[in-house]
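User: Please take a close look at one part of this structure, the surroundings of the ligand, and go through it in a connected way. I would also like to know what the backbone does there and at a few other places.

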Amino acid sequence: MSTRPRVLLTRRWTEEAQQRIVARFDVTLNENDKPMDAAVLAAAVRNYDAICPTVTDSITASILETAGRRVKLIGNFGVGYNHIDVAAAQRLGIRVSNTPDVLTDTTADLAILLMLMATRRAGEGERELRGGKWTGWRPTHLMGLGLQDRTLGLIGYGRIAQATARRAHQGFGMRILYNSRRRVAPEIEAQCNAAYVEAVDQLLADSDVVSLHCPGGSETHHLIDAQRLRRMKSTAVLVNTARGTVVDEAALASALAEGRIAAAGLDVYEKEPVVHPDLLPLENVVLLPHLGSATRETRTAMGMRVAENLEAFFDGKPLRDPVV
Ligand code: 8YV
C-alpha cells in the first residue's frame, strides 16, 4: 500500500501540471473530464487526503461533513472559491487554498477583450458576415463606442481589477473610477490615477464601461439588479468576468432588450453552463464560455500553484495561498 497522500483532481488538467502532482502523490485523475456529482464528491471526502476542485464542483457543508472524513485539504484550482463552503471547512478543521496571481493578467486581458467586443459590436458584426448579410462598407454601419477618454468604473479593486485598469488607462487613455469594500493604498490609486467612489450607484451613473471584479457569494448576489441597471447611462456597457451571481441575468436581459444600456460582455453566468434564455437572441451582448484564465500557460501555472500548496501542506509547512 502506498503511503503517499491520496489526492483527487476533479477535472482534467494540463499534462505538465498533472505530472507534477503525480510525481509526488497517489493521484486519481479524471481522464474523461466529466463533472463529479455530489455523491462522488462525498465519497471523495472519505477516500482522499486532498481534493482539488474547480468552479464546476460545489463543495457544500454536507459534502464536507461526510462521515468517516479523511480529507484535510481542499486545494482549489482557481482564485475564486465561492463554490466551496469555506465556513464549514474552517469549522471542521479542513484547510482550503486557492491560486491567486497566476491568472491575473490573463483574466484582465479577457475583460478588455469583452470591453472591446461589446463597445465595437464585434459579435454582431461577425454574425452578420457569417450569416451572409453583410451588404458592404458604409459610413453608418455598426458604429460603436470609442474608449479613448471614456470612464471605466470597476467594482472590486483587487489584483484583476487593477490589471484591467492599467490596460484601460495606459492603453486606451480611460479615466478610472473604482468601488470596493476598502479603499486601496494611495500608491495603488496613483498607478492609474484611480478615483475611489464610495457609492456603487454613483459609480454606475458616472461610468461609460462598468467592469465587475468582486468575489461571488451571498454578499454580492445580484449586486447589479434591475434598480442598479437603471443607474447606468443608456450608452454604457457592462462587463462581467467575476461571477455570474453578481448580476441579475433576467434584469440584464430586459435592460439590454429595451436599450436601457447599450451592451454587455459576459464570461460568467448565474447557473453555468446554462445561460439565461433571454440573453441568447440579443445582438448587444457578447457571451463567452468562462474563458477568463483559459490560456495554456495560465492553466498550467494554476495547476502548479495547487501543487505548491499541496506540497507545502503535506511537508508540514504553511500553505502558500491559505484561504482558511
Ligand atoms: C477558473 C476563475 O478557470 O479562478 C477563477 O476564479 O473564475 C477561472 O479563471 C475557474 O474558476 C477554475 O476553477
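Analyst: His290 counts as partly exposed because its relative accessible area is 24%, where buried means under 20%, exposed over 50% and partly exposed in between, with a 1.4 Å probe and only the protein chains counted. The model is a predicted one, in which local features need pLDDT of at least 70, side-chain atom pairs count only at pLDDT 80 or more, and totals for chains, interfaces and linings use all residues. Residues are numbered from 1 along each chain as its sequence is written, and side-chain values use heavy atoms, with hydrogens and water left out.

His290 sits in the loop that runs between β12 and α12 (296-314), where helices (H or I, at least four residues) and strands (E, at least two) are DSSP runs numbered from the N terminus. The phi angle of His290 is near 45 degrees, a positive value in a residue other than glycine. Most residues other than glycine have a negative phi, and most peptide bonds are trans.

His290 is also one of the residues that surround the ligand, together with Thr54, Val55, Phe77, Gly78, Val79, Gly80, Leu103, Arg243, Ser293, Arg299 and Met302; to be near the ligand, a residue must have a heavy atom within 4 Å of it. Sorted by class, this shell holds 5 nonpolar, 5 polar and 2 charged residues, with Ala, Val, Leu, Ile, Met, Phe, Trp, Tyr, Cys and Pro taken as nonpolar, Asp, Glu, Lys and Arg as charged, and the others, Gly among them, as polar.

From the backbone, an N or O atom of Gly80 lies 2.8 Å from an oxygen atom of the ligand. From the side chains, an N or O atom of Arg243 is 2.8 Å from a ligand oxygen, and for Arg299 a side-chain N or O atom is found 3.1 Å from an oxygen atom of the ligand. The protein covers 92% of the 330 Å² of accessible area that the ligand has on its own, an area that comes from the Shrake-Rupley method with a 1.4 Å probe.

A polar atom of the Asn240 side chain lies 2.9 Å from the backbone nitrogen of Ala242.

Several loops elsewhere deserve a look as well. In the loop between α8 (186-191) and β8 (195-196) lies Asn193, a residue other than glycine whose phi is positive, near 50 degrees. Asn193 is exposed, because its relative accessible area is 61%, whereas His290, which also has a positive phi, is partly exposed.

Between β11 (263-266) and β12, the loop contains Pro273, and the peptide bond that joins Glu272 to Pro273 is cis, with omega at about 5 degrees.

Ile94, finally, is placed in the loop between α4 (86-92) and β5 (95-97), and it counts as buried because its relative accessible area is 2%. Although 44 residues separate Ile94 from Ala50 in sequence, the distance between the two in space is 9.6 Å, taken from C-alpha to C-alpha.

Definitions and conventions. A polar contact is a pair of N or O atoms within 3.5 Å; within protein, one must be able to donate a hydrogen and the other to accept it, and residues adjacent in sequence count only if both atoms are side-chain atoms.
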